[in-house]
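Keep the structure open beside you as you read.

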Amino acid sequence: MAADEISERDARHRQRMTRKKAVVDGMIAEAQQERGVLVVNTGNGKGKSSAAFGVLARSLGHGMRAAVIQFVKGRSDTGEEGFFRQVAQANPGCLVWHVSGEGFTWEIQDGVRDALAAQAAWALACGYLADRQIDLVILDEFTYALKYGWLDPAAVALFVAAPSSGQGKTTVVAALARLHSRQGRRVRVFKCGPDFLDPQIHAIASGSPCYNVDLRMCGEDDARHRLAQAAADADLILVEGVMGLYDGEPSAAELAARLGLPILAVIDGAAMAGSFGAIAYGLKHYRPGTELTAVLANRVASAYHASLLEKSLPPDIAWYGHLPRDVDAGLPERHLGVLPAAEIDGLAQRIERMADLLAQTAAAQLPPPVSFAVVGAPAIEPLLAGTTIAVARDAAFCFLYPANLDCLAALGARIVFFSPLADTALPDCDAIWLPGGYPELHAAKLAGKRELWASLSSHVACGKPLYAECGGMMALFETLVDLDGQGHRLGGLLPGQVAMQHKLAALGMQQVDLPEGTLRGHTFHYSLAQTSLEILAYASRPDGRAGEAVYRRRRLTASYLHLYFPSDPVAAARLFLP
């Protein structure tokens, strides 16, 4: 190569390196924050530990201090340990090394011993992670401790409650979920008690399905399992209470206490000043053991008004800030509660606006994490393997618990959705589920679906299962009378009529003993049914009084009850078996 060509190439290289140096120098100059870095080495291949020990060698070479905690491993003759212990002897204080296991889990074959060893190792690790004198912490084979559930998962969690309904819990929870989600945090939201509508809003705000937790309908074990499962991969868990903090039996306060969740109270401060603190004090101290840690004021008139509310608080309750009066932020309602999320105009914009306001408060900061005991999922046999269940899902039939769908999937069922409002025929299926919703609002359109109703009738005539609850059952009667007194000819699979009322007809938790087994659920409706059908069974209320009727015609099962399938998966499966 000629000398002039070499000179030209070197000149171009110097120009490139000059530009690159300017970029690198600029990045270094802009790096003003000193913060920790989490590195996760994962994968099925070999080399994860070796990569970590390469980082360890470089750190020690730079004069840093390090700690190594080896989970599962119990041998003391590994090459890496021998090498680094020699380094530590030559440089006292630079390294601590703990072999905390008794051997690989497939060799020990004792889950209790493995769990105790892992917990002891994690306690050591937490100490080193909190020690500012330690620059690097390596958790070797840590994934085994997580995979086998030897350590309790932890996540930041808040139980959002209020003195009563209408204080703004749903709006605040949705805004909190959106605020932290857009900051890159993984947020999971749960709703206390039976509710189909608030969870739809929270699912949009958080980007994840919202499940229900309840001591009566769902059960404590179910709630603990779902929270622990969420804590394994979530940065923040929010639980919205139901009604007032102490309303109902068991109350939201009892649920929060049993699950160990700190409580954030949302209090409407619109028409008060000093009484705000009295209400907060009463919520915290009314029942011993209530961990109410903070309050957030809603519908506050001004900054001065907010200052009056804050000054009224006792010292053991933190002020999380306030939200101003905002008429447009309210969530519209109808007879069964807040509108379904799909029907609320500008819902996403409303949530974003409230999240912007919360960003200026202490609610934008995360409180300390909460540990959740590991509760394994119940063993479910695939009783519905090979069974295809067609589930109605549209504006008229929108009351679906995600846990019910998960339960059917765990039972082995294949789920396909269809829309009675849009479709004229059923999908190919072995069983059908018509959930609750608002058939009364779409009765005129449903009345014209004669081909669909004929398909349903043929399905039942063939001895195939059809399960219909609340709104699903209403649509199967010969006549549905809406709130205007107008009758609509609907499915005709059940004799008689169902008529809407202007007052509540039934509300509350119930359970029912069926030939398939005992299932828990709830009822909430504004209609009354009149039918000549023989009653298969009556549900029972918590006080022992008779509850909703359950009807059966061949393999068609219908009731006002909304059943919670995980309360007895086997019984739920039998509802969909021929």
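The model here is predicted, so local features need pLDDT of at least 70 and side-chain atom pairs count only at pLDDT 80 or more, while totals for chains, interfaces and linings use all residues. Residues are numbered from 1 along each chain as its sequence is written, and side-chain values use heavy atoms, leaving out hydrogens and water.

**Exercise 1.** Describe how α7 and α8 cross.

*Step 1.* Helices (H or I, at least four residues) and strands (E, at least two) are DSSP runs, numbered from the N terminus. Find helix α8 at residues 197-206.

*Step 2.* Compare the axes, which are lines fitted to C-alpha atoms, for helices over the stretch in contact, with angles from 0 to 180 degrees between N-to-C directions. Those of α7 and α8 come within 8 Å and cross at roughly 20°.

*Step 3.* Angles under 35 degrees count as roughly parallel, over 145 as roughly antiparallel, 65 to 115 as roughly perpendicular and the rest as oblique. Therefore α7 is roughly parallel to α8.

*Step 4.* Look at the contact (heavy atoms within 4.5 Å). Among the residues that meet are Ala174 and Arg178 in α7 and Ile201 and His202 in α8.

**Exercise 2.** Now classify the crossing of α7 and α13.

*Step 1.* Helix α7 spans residues 169-181 and helix α13 residues 347-358; their axes come within 8 Å and cross at roughly 75°.

*Step 2.* That makes α7 roughly perpendicular to α13.

*Step 3.* The contact includes Leu176 and Leu179 of α7, along with Met354 and Leu358 of α13.

**Exercise 3.** Which strands stand at the edges of the sheet, and why is one side of each left without a neighbour?

*Step 1.* Two strands pair if DSSP finds at least two bridges between them. Strands of a sheet pair through backbone hydrogen bonds, either parallel or antiparallel.

*Step 2.* Read the order of this open sheet: β2-β1-β3, with parallel pairing.

*Step 3.* β2 (95-99) and β3 (136-140) are the edge strands; each has a single partner strand, so one side of each has no neighbour in the sheet.
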